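Reader: I have a structure open and would like to go through it with you. Can we start with the packing and then move on to strands and charges?

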Amino acid sequence: MKAKAIYESDVIEIVIYSCVAFVLMGLVLILFFYFSRKKIIQKELEKKDLEIQYQKELLSAVIITQEEERKRIAQDLHDDISSKLNIVSLNSHLLNSPNLSENDIVEITGNIINLTTKALDNSRKIAHGLLPPVLDKFGLHAGVEELCIEYSSSKAVQVNYENKTAFDIAENDRHLHVFRILQELMNNSLRHGKATVITILFEETNNRKMCSYSDNGIGFDQTNNKNQKGLGMKNIESRIAFLNGSFTIDSALNKGIRAVFNF
Amino acid sequence: MLDLFIKIGYLVLGLNFVVFAMCFSNQGKAFRIFTVYIAVIGVIQIASRVLSSLGMGNLFLSHFYFIAQFIILSFFYLELLKEKYQRKIIKLTLILVLSFLGIQYTIYPKLFFEFNLFEIFITSFSIIIFSAFHFYNMLNEKKEFYYINMGILLYLFGSTILFLVGNLTVTLSREFTKIPWILNALFYVFYQLFVLYEWKKSFSKKELETNL
């Protein structure tokens with residue numbers, strides 16, 4: 001009887017131990033899930049923070065660009081138009097002064113006409129620079145064509161432009177971004193890249209329009225972080241994001257750049 | 001002591017049933033399935049209580065308990081899990097296990113009057129695997145039946161081994177027989193407390209809001 005009791009207590013001991021072991025196993029599993037979950041959520045939060053940070057940077061880039069643009073417009077207005085209108089106003093006052101000879105009047109009115117013509121011309125140029133009327137009226141193809149002609153006419157650079165697709169004028173709002181991107185790229189090629197040949201090509205694959213842009217300038221070192229986050233690049237990136245497109249840029253020192261984006 | 005724990009277990013189970021039934025109408029399908037689960041388990045427990053007080057063997061009810069638990073919780077997880085392969089595994093397991101047990105009982109009807117170890121093992125561990133799936137899915141998503149899932153996992157881990165040695169313990173003398181069942185009753189109370197906590201955390205507020 002006693003031997004049986006000992007045997008039974010052994011059995012119970014084993015039962016309890018294995019039961020506790022199983023529960024602990026379950027507990028370990030739950031703790032593992034609990035901490036993994038915490039860690040993963042943490043990582044995701046960090047990722048979200050990074051994204052927000054990035055968006056903030058983009059936003060500040062947009063604001064800075066806007067301010068610079070305003071500054072440029074103000075400067076253009078001040079230099080090219082206000083100064084001329086000032087002289088016009090001065091000359092008009094002169095006309096009021098008594099005892100003017102016939103010759104003086106002719107000279108003054110000649111001055112006024114001359115200056116107003118120049119001011120008009122300049123205001124047209126400024127307006128044109130802000131938003132080319134060709135782009136607005138005739139679409140992206142004509143706009144880019146004109147842009148290329150303008151750049152080519154400076155003789156410093158030769159622009160090859162080819163278009164294998166058709167642009168719907170109804171999508172002009174989107175195309176304006178494309179135009180601005182090209183403007184920015186060409187500006188960079190000329191100012192920083194000292195390029196002499198620029199090639200632009202529009203193609204269409206799988207219903208997505210694609211633009212390839214390349215130049216033969218001095219390029220830049222892609223591994224250098226300083227080159228990657230310039231204002232212009234950020235501007236391009238936010239425009240691409242707007243178009244739901246993707247953007248890749250390849251470059252090496254003295255190899256020119258090659259940029260491809262779709263929209 | 002055993003009786004005390006069992007009564008507390010009944011009490012919490014009853015409470016759970018009441019609060020879950022209260023929210024029954026304005027909750028999702030998974031919630032309703034779980035309410036049905038609580039109800040069915042409660043009925044089986046009451047039936048076993050009645051049978052034992054009448055002095056009849058109630059061991060055969062364990063089969064109803066395990067199989068009902070397996071079927072209902074399988075549907076519960078089928079509702080919770082959205083991943084295709086996991087759903088496929090649940091459906092396949094459900095069919096395979098049920099057909100296997102059906103075959104087993106037609107060949108050995110005698111099994112009906114003792115603990116069927118294979119049945120205990122296969123039904124409990126299938127549910128444990130499903131609940132692990134659910135934990136895995138919740139790793140990077142919002143918590144859904146988080147505490148119920150925890151309770152199911154812990155209780156099944158603990159109780160499975162106790163049921164598995166059930167056939168052994170019935171042969172022991174009275175003073176030892178009770179110990180595993182005390183343990184089991186204790187686990188059961190914890191399990192039901194988890195369920196209650198889940199209700200408090202996830203559903204009691206919603207209930208109030210919709211009533212206001």
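Reader: Which residues have the most contacts inside the largest nonpolar core?
Author: This is a predicted model, so take what follows as computed from it. Phe20(B), Phe34(B), Phe76(B), Tyr77(B) and Ile152(B) have the most contacts inside that core, which has 77 residues.

Reader: Which elements give two or more residues to this core?
Author: From chain A, α1 (2-96) does. From chain B the list is α1, α2, α3, α4, α5, α6 and α8. The largest share, 13 residues, comes from α6(B).

Reader: What is Phe34(B) in contact with, leaving aside its neighbours within four places in sequence?
Author: Phe34(B) touches Phe20(B), Leu73(B), Phe76(B), Ile148(B), Ile152(B), Tyr191(B) and Val195(B). Phe20(B), Phe76(B) and Ile152(B) are also among the residues with the most contacts inside the core.

Reader: What does the second, separate core include?
Author: That core has 32 residues, including Met186(A), Tyr213(A), Ile240(A) and Ala259(A).

Reader: Switching to chain A. How many helices and strands?
Author: Five helices and five strands. From the N terminus on, the order is α-α-α-β-α-β-β-α-β-β. Chain A has 263 residues, and 30% of them count as buried.

Reader: In which sense do β2(A) and β3(A) pair, parallel or antiparallel?
Author: Antiparallel, over eight bridges, with β2(A) covering residues 197-205. Thr199(A) stands opposite Ser214(A) in β3(A). The two strands form a hairpin with two residues between them, and Asn206(A) in the turn has a positive phi of about 50 degrees.

Reader: And over how many bridges do β3(A) and β5(A) pair?
Author: Five, again in the antiparallel sense. The strand β5(A) spans residues 257-262.

Reader: Is Ser212(A) buried or exposed?
Author: Ser212(A) counts as buried, because its relative accessibility is 10% and the cut-off for buried is under 20%. Ser212(A) is placed in β3(A), residues 208-215. Leaving aside neighbours within four places in sequence, its contacts are Thr199(A), Ile200(A), Leu201(A), Glu203(A), Arg258(A), Ala259(A) and Val260(A).

Reader: What about α5(A), how far does it reach?
Author: From its first C-alpha to its last, α5(A) reaches 17 Å, close to the 16 Å expected. The helix has twelve residues, 231-242. Buried residues in α5(A) include Met233(A), Ile236(A), Ser238(A) and Ile240(A). Asn244(A), with a positive phi near 55 degrees, follows the helix.

Reader: Now charges. How many salt bridges does a search of the whole structure find?
Author: Eight, over all chains. One of them joins Arg72(A) and Glu69(A), with the closest N and O atoms 3.2 Å apart.

Reader: How are Arg72(A) and Glu69(A) separated in the helix?
Author: By about one helical turn, because they are three residues apart in α1 of chain A. Arg72(A) is partly exposed at 37% relative accessibility, and Glu69(A) is partly exposed at 33%.

Reader: In chain B, what does Glu79(B) form a salt bridge with?
Author: With Lys29(B), at 4.0 Å between the closest N and O atoms. Glu79(B) lies in α3 of chain B and Lys29(B) in α2, so the pair ties together parts 50 residues apart in sequence. Glu79(B) is partly exposed at 28%, whereas Lys29(B) is exposed at 56%.

Reader: Last one: which residues do salt bridges that share partners join into one network?
Author: Glu69(A), Arg72(A) and Asp76(A).

Terms used:
Residues numbered from 1 in each chain as written. Chains lettered and ligands numbered in written order. Predicted model: local features only at pLDDT ≥ 70, side-chain atom pairs only at ≥ 80, totals over all residues. Heavy atoms only, no water. Helix = DSSP H or I, 4+ residues; strand = E, 2+ residues; numbered from the N terminus. Expected span 1.5 Å × (residues − 1). Buried < 20%, exposed > 50% of the residue type's maximum accessible area, 1.4 Å probe, protein only. Contact = heavy atoms within 4.5 Å. Core = buried A, V, L, I, M, F, W, Y, C linked by side-chain atoms within 4.5 Å. Pairing = 2+ DSSP bridges. Salt bridge = Lys/Arg side-chain N within 4 Å of Asp/Glu carboxyl O.
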